[in-house]
Amino acid sequence: NNYLFVVLIRKPINTWILSLFEDKKAIAKDASIWRDETNHKTEWFSSVSKPDETNFINYVLKNTHKEDSILDICCNQGRYLKFLFKNGYSNLFGVDIMKPAIDILQNSPEYLHGGIDAECQMAQDYLLRCRNECVDYAITYTATIELIHPNFKLFEELNRITRKGFIFAINENKQGYPRFYRYLIKKAGFKKINIYKIS
């Protein structure tokens, strides 16, 4: 059974063993498939259109305020940033490694109006450069952080840079590096975890 294999083998390895070792080749390989549109097309991430995507962004809207600063990690061409902008948010940030996607975002009417700032960069490098408590919330939609190598102390960095917390859609038993996320989040110092199933 694949579920048992993930829970009994992959998740423990990713959570407690791979997290101890930096693997520059794996990190470079993980990042390389997202740098351009060879494997993934920007058009796949152009709008909030599927029910799960709508559930996710509606949850963000209900649990944040228009005055909050929000960082979308691995934002692609900024579908969630644009959605938030259209709903009155104006302190928005994004990062993504795919240059064609960031180019589309930076040339969008929402971006050009002001209120959104985005950079083309690997998420790990961007987060390490962030100053302490620089945003209220970080958000990301599934198939993003699950693909970041476990050696990167993601939740420790999130605890450092966010004032209020993060809202992530996670496909926790799939993607590249399934982990015991609740354990890692608590270990990083977050006090409260709300779990909401979007599908």
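Select Phe-93 to begin: Phe-93 stands opposite Asp-117, which lies in strand E3. Strands (E, at least two residues) and helices (H or I, at least four) are DSSP runs, numbered from the N terminus. The model is predicted, so to speak of local features pLDDT of at least 70 is needed, side-chain atom pairs count only at pLDDT 80 or more, and totals for chains, interfaces and linings use all residues. Residues are numbered from 1 along each chain as its sequence is written, and side-chain values use heavy atoms, leaving out hydrogens and water.

Next, select strand E2 (residues 92-96). Five bridges join E2 to E3, and the two run parallel. Two strands pair if DSSP finds at least two bridges between them.

Helix H5 (residues 99-106) packs on the sheet and touches E2 and E3, where contact means heavy atoms within 4.5 Å. The direction of H5 makes about 160 degrees with that of E3. Axes are lines fitted to C-alpha atoms, for helices over the stretch in contact, and angles run from 0 to 180 degrees between N-to-C directions.

Now select helix H8 (residues 154-161), which packs on the sheet against strand E1 (70-73), strand E4 (135-140) and E5.

Show the whole sheet: five strands form an open sheet in the order E3-E2-E1-E4-E5, with parallel pairing. Its edge strands are E3 (116-120) and E5 (162-168).

Finally, select the cysteines. The structure holds zero disulfides (pairs of cysteine sulfur atoms within 2.5 Å). The sulfur of Cys-120 is too far for a bond, because the closest cysteine sulfur, in Cys-75, is 9.4 Å away. Cys-134 is in no disulfide either, with the sulfur of Cys-130 nearest at 4.1 Å.
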